[in-house]
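Take the model one level at a time.

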Amino acid sequence: FPFPYTPYRIQEQFMEALYGALEAGRVGIFESPTGTGKSLSLICGALSWLRDWEEKRRQEEARLLALGAGGQDRLSPQQARPGSTDTAGQPDWVTAFVQKKEERDKVDRLKEEQIRRKKREDRLEKIQHNVQLKYAAKRKRCEEDEAKCLLQLSKEALSQGAGEGVLDQLDHHEEELILAEYESDDEKKVVSGLEQEDDDDDLEEEHVTKIYYCSRTHSQLSQFVREVQRSPFGKDTRLVSLGSRQNLCVNEEVRRLGALQLINDRCMEMQKNKYEKKSDEENEGKKRRVSHTVCPFYSYEQMQFLRDEVLVEVKDIEQLVSLGRETKACPYYGSRFAIPAAQLVVLPYQMLLHEPTRNAAGIKLKDQVVIIDEAHNLIDTITCIHSAEVSGSQLCCAHSQLSQYMERYRKRLKAKNLMYIKQILYLLEQFVAMLGGNVNQNPGCQAVSQTGTVLKSINDFLFQSQIDNINLFKVQRYCEKSLISRKLFGFVERYGGPASAVKTNKENQKLAGLQNFLLTLQQGSDKEGSPQNPPMEAEQDQLRTASPLMQIEGFLSALTNANQDGRVILNRQGTVGQSSLKFLLLNPAVHFAKVVEECRAVIIAGGTMQPVADFREQLLCCAGVDPARIVEFSCGHVIPPENILPIILCSGPSNQQLEFTYQTRDLPQMMDETGRILCNLCNVIPGGVVCFFPSYEYEKQVYGHWEKTGLLSRLAAKKKIFQEPKKANQVEQVLVEYAKCIKRCSQTGGQMTGALLLSVVGGKMSEGINFSDDLGRCVIMVGMPYPNIRSPELQEKMTWLDKTMPRADVQAPSRVLIENLCMKAVNQSIGRAIRHQRDFASILLLDHRYARPAIFNKLPQWIRERTQVKPAFGSAFAELRK
């Protein structure tokens, strides 16, 4: 394997196992601890396989072509002898002729493919070496801009004389809000201009065998692309990065909309305008109704130019966006044009795991390779992508907006449109009734009589809300095709006044009454969600400014899942506005099955994949993967054994047994003991100490208790204390301060030796943030972070598992799930301390239950092998001091 430096032995093993799995078309679960160069091993292993695979195909093609050239049209004498027949009763020469014809067709196909590939390679070669081409394209763009500018100026000069044209103009704007006639429920008949246009030769490129690499966040993807650039494959790999419009759109006017759903809708609408414009020009005789805007970046030539640029040289998202701005081409679509010819496609989870998104992006999985990195949360991710929640205030708000829309444009809407709008209104009414409310009253003022949470199967929910007679598939398709939520947003943007938190046109505040009505609704919805979940506030705000109908469409499409695979949760809180309906997906395998079936090979990789059983049973076996096709690979760490000291501590300095259950953890003596342990540790540990608590509430409680008993000030004498913030946007700042403090202490010396960071398992600090070197010399885990077993979602999942999964050994599947969730969280958190070969750290698990075999065996192997169980604090402290 080509590698930028001498690989570790474990990296070689990793690459060999990976190569084998790809070659044999397996589904692999690969675990390689963070800090062992996993990304590089993935890149070099997978791309080596791809290179060899392409070489093999080339040789096979050459062999067939040579055969074709040599043996064309000549029949051997015994084949040509008339009279002899084969077993099927056909004369030999017929059979031979058919065979030859098949071979000849194959050879012709190969020749065509070769010509195509040659063309593509020549084109890319030319671009790589020809600077003039670039400048020519740039010059052409400048000329076009100039011409546009002049045209605009002359138009303005003309319109200054025409005052009466202005009124007309405003009504044009309003025309855009009216739904186009909805053709038919049978979409097959409709061929929009878009499809005809795209039959272009160039777009129907064959998809070469490629690797799809996905990770969770855009920053992880960018990091991966930089690794590819640095690897030996960086020069000659055709790589394309895909992202959402939010990350890739270069049209400032659209970007400003902020919310992803709005950006998507606006973009789609602009394209629709582009194709309608053509037909409009033909009907010039009729009165031109609509003033359409078309996106200036959606230009076919420029996007092709961008596509080639992307394929010539590896670029990450940032480079792609700046190239798009420079070339006036849309990076979002330009990068999609590059998919067929690319060898490595880098994309976020959602794009690959959500089938509609996958199809929209033009991703074809047939016989391709998929690598899912950072996959420890894969099951949760799939569940999340396919679950949806809507609040009472969103339902009421959408109902109010939609009914006003219908009233205003009733005369202009066609029958089909009215029928569907009425169906949607009826659905919204019934949903609110299920929450115990009435759509026509302010949701913030209606109290709910029976509060609490109820779970229903999808079918029960549909029957009880009396909507089982409505075809949800058709309603869903209508929402997609008619862009109704986009039109509704435009309508509210115009008439909703300041309440809809969207800039409105000052000229048209004709509808004061409507504004006031929307205002009361809006205030109702503003009360929602603030006390319980501050981190969500920013997102709620963004969604609240968008049309709530967009959220509701997601919920409707979730209801089209199969009955046994999901549940509907009715969450009734204080008022109807605060109550919500949530769809919960129970069986993530149904959405993963397609990926596993279509792909040649799938690799699920991560730093800590333990416990692996979840993936095998819930994801792969449920998706119908033959157990023989699954391979598991787990490698140790690159650090020497003496660089890590994991200890399970069973009791504290005053011999108090450590057991942090819901019943005992609130006892003052438990909180005191935890404080004493920390005080002792902070006396001997240099640099940074990170202490994880099972929840925000518990962390707050302990902190308060220490403040009262004066323990906090004793701690603060040795280490400056930082707390993990609840708001995501403050995390960065706390981390910077934490790092600065540690650096300062190590340079100045003195009584303060560093900092102590109080964190929460599953919070912002337990994933994706690295405490390398002095930032994390010790990681402490207080108690066992079991999930909240009283949550209705979890209870439903447990019941479902017990019903559908085979019993493992002695434990019920639901019990195994709880333990696995707990240990996954622990492994994620403690794996943050060791980041490279020369790093060292100690890991302390405070709870005697960690020593139980069932739990102990779920620690990652490289930590488990080196863990010591200490019944008493004295000997543990001595080891640590050493």
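Start with the contacts along the protein chain. Count those between residues at least 6 apart in sequence: 80% of them join residues at least 24 apart. Keep in mind that this is a predicted model. The protein chain holds 36 helices and 18 strands. It has 882 residues, and 51% of them are buried.

Now zoom in on one residue pair. Glu 429 sits in helix α19, which spans residues 415-434. Val 439 lies in the loop between α19 and β7, the latter covering 452-457. The two residues are 10 apart along the chain, and their C-alpha atoms are separated by 5.8 Å. Is each of them buried or exposed, or something in between? Glu 429 has 35% relative accessibility, so it counts as partly exposed. Val 439 has a relative accessible area of 8%, so it is buried.

Next, look at what surrounds this pair. Leave out residues up to four places away in sequence. On that basis Glu 429 touches His 399 and Val 439. With neighbours up to four places away again left out, Val 439 touches Cys 396, His 399, Leu 428, Glu 429 and Val 432. Val 439 and Cys 396 are 43 residues apart in sequence, but 5.3 Å apart in space, C-alpha to C-alpha.

Move on to helix packing. Take helix α12 (residues 300-312) and helix α13 (residues 317-327). Their axes come within 11 Å and cross at roughly 145 degrees. This crossing is right-handed. From α12, the residues involved are Gln 302, Phe 305, Leu 306, Glu 309 and Val 310; they meet Leu 320, Leu 323, Gly 324 and Thr 327 of α13. By class, this contact of α12 with α13 has 5 nonpolar, 3 polar and 1 charged residues.

Helix α28 covers residues 668-684 and helix α36 covers residues 873-881; their axes come within 10 Å. What is the crossing angle? It is roughly 25 degrees. Angles under 35 degrees count as roughly parallel, so α28 is roughly parallel to α36. The crossing of α28 and α36 is right-handed. On the α28 side, the contact is made by Ile 677, Asn 680, Leu 681 and Val 684. On the α36 side, it is made by Phe 873, Phe 877, Leu 880 and Arg 881. The residues of this contact divide into 6 nonpolar, 1 polar and 1 charged.

Finish with the cysteines. How many disulfides does a search of the whole structure find? The count is 0. A disulfide is a covalent bond between the sulfur atoms of two cysteines. The distance cut-off used for such a pair is 2.5 Å.

Terms used:
Residues are numbered from 1 along each chain as its sequence is written. This is a predicted model: local features need pLDDT of at least 70, side-chain atom pairs count only at pLDDT 80 or more; totals for chains, interfaces and linings use all residues. Side-chain values use heavy atoms; hydrogens and water are left out. Axes are lines fitted to C-alpha atoms, for helices over the stretch in contact, and angles run from 0 to 180 degrees between N-to-C directions. Helices (H or I, at least four residues) and strands (E, at least two) are DSSP runs, numbered from the N terminus. Angles under 35 degrees count as roughly parallel, over 145 as roughly antiparallel, 65 to 115 as roughly perpendicular and the rest as oblique. A crossing is left-handed if the near helix is turned anticlockwise from the far one by less than a right angle, and right-handed if clockwise. Contact means heavy atoms within 4.5 Å. Ala, Val, Leu, Ile, Met, Phe, Trp, Tyr, Cys and Pro count as nonpolar, Asp, Glu, Lys and Arg as charged, and the others, Gly among them, as polar. Buried means under 20% relative accessible area, exposed over 50%, partly exposed in between (1.4 Å probe, protein chains only).
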